[in-house]
Amino acid sequence: MSAQDIDHYSELALFHDIGKRAIPQAILNKPSSLTPKEFSIMKSHTTEGCRLLAEDPALSSREDFHLICDVCRHHHERWDGGGYPDGLSGRHITPWVQVVGLADAFDALIHPRPYKPAYLWTQAASMIADGACGAFAPDLLLCFRFNIGEIYSGVYLE
């Protein structure tokens, strides 16, 4: 990828959780485990994001609108097909969306949530590498393992 591509995809990645605007606050902020019904509603943020974005003429008319929807809809897909909403696997998940999904998982682990404390970044990195957050592309995990210290310092400490 060129630096220009990375900048472009980084901008598009900012839309990945826009669908959470359609999720009730009681579910988003619940301090305990979600029920199966609540989890189903939470998972709908992926498809709701595409719906919300399609309602915005300025976004829906963009040439790269399909890329924005790709990241909204597929950032919770996993390499082994165990993700949602479409159960995509392997190379059916675009590489840049795989990166967003891994970054999203890492970020969620190192920040506190109403239902869990923050993990140390080293513990979060191990959890991802060991598969606790679902399966990611092997080549992506290899890159993650070798670079997470530098990434963490550059993104979170500067």
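1. Ground rules. The model is predicted, so local features need pLDDT of at least 70 and side-chain atom pairs count only at pLDDT 80 or more, while totals for chains, interfaces and linings use all residues. Residues are numbered from 1 along each chain as its sequence is written, and side-chain values use heavy atoms, leaving out hydrogens and water.

2. Helix pair. Start with α8 (residues 121-129) and α9 (residues 138-157). They pack at an angle of about 170 degrees, and their axes lie 10 Å apart. That makes α8 roughly antiparallel to α9. Angles over 145 degrees count as roughly antiparallel, under 35 as roughly parallel, 65 to 115 as roughly perpendicular, and the rest as oblique. Axes are lines fitted to C-alpha atoms, for helices over the stretch in contact, and angles run from 0 to 180 degrees between N-to-C directions. Helices are DSSP runs (H or I, at least four residues), numbered from the N terminus.

3. Who touches whom. From α8 come W121, A125, I128 and A129. They meet L141, F144, R145, I148, G149 and Y152 of α9. Contact means heavy atoms within 4.5 Å. By class, this contact has eight nonpolar residues, one polar and one charged.

4. Salt bridges. The structure holds eight. Each is a side-chain nitrogen of Lys or Arg within 4 Å of a carboxyl oxygen of Asp or Glu. Side chains of opposite charge can pair when their charged atoms come close.

5. A link between distant parts of the chain. E11 bridges to R62, with the closest N and O atoms 3.2 Å apart. E11 sits in helix α1 (residues 3-13), and R62 in the loop between α5 (57-60) and α6 (65-74). The two are 51 residues apart. E11 is partly exposed at 37% relative accessibility, and R62 is partly exposed at 25%. The cut-offs are under 20% relative accessible area for buried, over 50% for exposed, and in between for partly exposed (1.4 Å probe, protein chains only).

6. D64 is buried, at 11%. Shared partners join E11, R62 and D64 into one network.

7. Another pair. R51 bridges to E55, the closest N and O atoms being 2.8 Å apart. R51 is partly exposed at 37%, whereas E55 is exposed at 52%.

Methods. Ala, Val, Leu, Ile, Met, Phe, Trp, Tyr, Cys and Pro count as nonpolar, Asp, Glu, Lys and Arg as charged, and the others, Gly among them, as polar.
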